[in-house]
Amino acid sequence: MFDFQDFGFDSASDGSADASPPSTGPYIPEASECMRCGMCVSTCPTFRLFQVDEQTPRRRVRTIAKILADDAGVGVEELAQLNDCVQCRTCETVCPSRMSYGTLFDRAQAKLRATARPSWLARLGLRLIERKHARALLLPFVTLYLRSGLQKPLRASGLLAKLGLGAAEALVCEPSLVGMAGIYPVERRIKYRGRVALFTGCLAEHFDRPVQVAGIKLLNRLGYEVVVPEEQGCCGAIHQHNGLPAESMMEANIAAFYALEVEAVIYSASGCGAMLTEYQGGDSETSGWFTKHLIDINEFLLAHWPEDLQLAASNLNVAVHEPCSQRNVLKNSQSVYALLRKIPGVNLEALADNQLCCGAGGTYMLSHPENAESLRAAKRLAMAGSGADVVVSANFGCGFYLNAGQPAGSRVVHPLQLLADRI
Ligand code: SF4
Ligand code: SF4
């Protein structure tokens with residue numbers, strides 16, 4: 001198994017937090033402040049899967065409290081149950097103690113990973129996430145493998161499973177091999193309104209290119225020149241949620257965008273956005289600038305949509321999948337509905353059971369393939385039952401996981417693609 005829960009790390013948080021709520025600003029309670037009220041239990045996807053108390057946020061918060069308090073009484077099974085968490089953060093949305101579960105989980109992971117040695121496969125995965133040029137060198141081999149006809153016999157041989165590559169190989173799809181341009185200018189016939197930068201992160205540039213192209217087309221049509229800085233890299237979410245330091249990645253991204261003199265830093269994947277909004281790296285001026293200028297592409301387009309821009313009509317029935325990162329962290333799902341209503345005649349509905357995670361969960365689809373598959377199967381059932389012509393999702397990871405192994409005609413698309421097709 002590609003075990004992302006098996007990492008070592010370079011530094012650890014001591015998990016300390018101010019126990020008394022401040023009168024203003026966000027409050028992150030200690031895990032020990034959980035009231036055990038149980039309001040979070042039924043919202044948790046792993047409780048939905050296993051129906052046992054050990055797989056609930058309430059139990060996990062207790063485990064986290066023990067870890068952060070240096071309590072040695074956390075057993076192997078209890079740790080495994082903590083790590084079964086898909087990190088959807090749905091529990092945060094219902095907690096009367098305002099438990100900041102995601103932050104506490106990351107602190108506990110950082111503390112745990114002090115003694116863990118990463119597997120060679122996990123280290124390789126992390127290096128590829130960190131190093132853009134190494135990724136670029138590997139991508140032609142991915143394409144070659146997919147076109148070679150080797151996939152079927154290799155899967156049948158069982159070798160992939162033995163090497164722990166089965167879950168990763170099942171997800172692989174053809175990347176775009178050509179890098180993106182640095183600048184996408186506005187056409188002369190369109191009134192220039194400004195200059196913005198696009199965050200593409202680590203994988204989206206190559207594995208989610210149609211969405212990046214659709215986003216740029218829309219921004220250009222609204223009059224915005226789009227800059228895609230070569231120096232940007234992964235947002236750091238994968239490292240942080242696995243207890244590894246992400247500060248250098250944050251600082252590199254802040255520096256890359258700060259240097260551009262743009263009026264907004266725009267992201268199209270809500271999973272990256274959730275991490276970017278929590279950036280605290282860089283010195284106070286640059287990190288303050290980054291936070292102030294960061295915006296979700298759906299929100300940006302909505303705020304800057306010209307009154308005279310009409311899209312082609314469509315009577316498509318569209319079901320909206322609301323990614324956990326968008327629903328529980330960014331809390332801006334409504335921007336997708338409002339933006340898609342720019343298409344005259346479109347019928348929109350929320351996908352049933354939208355609060356249930358699709359199973360992707362960053363690297364969860366690799367580290368816990370069986371749990372992830374059960375959650376994906378439930379999501380696909382909801383999609384099939386919706387009767388919609390198309391399902392949209394504003395997160396690259398969710399779309400990537402839901403589309404894996406599916407025929408092209410039934411693919412989940414980003415809302416930007418529906419909009420860009422109708423300009
Ligand atoms: S809802 Fe919050 S306070 Fe209640 S059991 Fe869950 S984590 Fe604890
Ligand atoms: S983050 Fe999601 S999976 Fe983890 S405990 Fe909370 S609700 Fe359950």
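A salt bridge is a side-chain nitrogen of Lys or Arg within 4 Å of a carboxyl oxygen of Asp or Glu. The legends below describe close-up views of a predicted model.

**Figure 1. A salt bridge joins Glu78 and Lys66.** The closest N and O atoms of Glu78 and Lys66 are 3.1 Å apart, which places the pair within the 4 Å limit for a salt bridge. Glu78 belongs to helix α3 (residues 76-83) and Lys66 to helix α2 (residues 57-68), and the two residues are 12 residues apart. Lys66 is partly exposed, with a relative accessible area of 22%. In total, the structure holds 15 salt bridges.

**Figure 2. Arg89 and Glu92 meet in a salt bridge.** The N to O distance between these side chains is 3.0 Å. Arg89 has a relative accessible area of 14% and is therefore buried. Glu92, at 16% relative accessibility, also counts as buried, because the term applies to values under 20%.

**Figure 3. Arg147 and Glu174 form a salt bridge between a helix and a loop.** Their side chains come to 3.0 Å, N to O. Arg147 lies in helix α6 (residues 132-148), whereas Glu174 lies in the loop between α9 (166-171) and β1 (183-184), so the pair ties together parts that are 27 residues apart in sequence. Arg147 counts as exposed at 62% relative accessibility, while Glu174 is partly exposed at 39%. Side chains of opposite charge can pair when their charged atoms come close.

**Figure 4. Four charged residues form a network of salt bridges.** The residues linked in this network are Asp53, Glu54, Arg58 and Arg59.

Figure 5. In soluble globular proteins, nonpolar side chains tend to be buried together.

**Figure 6. Leu276 and its contacts.** When neighbours within four places in sequence are set aside, Leu276 is in contact with Phe199, Cys235, Tyr267, Phe290 and Leu294. Two of these residues, Phe199 and Phe290, also belong to one aromatic cluster together with Phe257 and Tyr279.

**Figure 7. Aromatic pairs involve Phe400 of helix α21.** The structure holds 8 aromatic pairs. Phe207 and Phe400 form an edge-to-face pair, with 6.4 Å centre to centre and 75° between the planes. This pair links distant parts of the chain, since Phe207 is in helix α10 (residues 204-207) and Phe400 is in helix α21, 193 residues apart. Phe396 and Phe400 form a tilted pair, with 5.6 Å centre to centre and 45° between the planes. Both of these residues lie in helix α21, 4 residues apart, which is about one turn of the helix. Phe396 and Phe400 are both buried.

**Figure 8. The charged end of Arg376 sits over the ring of Tyr401.** The charged end of Arg376 is 4.1 Å from the centre of the Tyr401 ring.

Notes. Residues numbered from 1 in each chain as written. Chains lettered and ligands numbered in written order. Predicted model: local features only at pLDDT ≥ 70, side-chain atom pairs only at ≥ 80, totals over all residues. Heavy atoms only, no water. Contact = heavy atoms within 4.5 Å. Phe/Tyr/Trp six-rings, centres within 6.5 Å; stacked < 30°, edge-to-face > 60°. Buried < 20%, exposed > 50% of the residue type's maximum accessible area, 1.4 Å probe, protein only. Lys NZ or Arg CZ within 6 Å of the ring centre and 35° of its normal.
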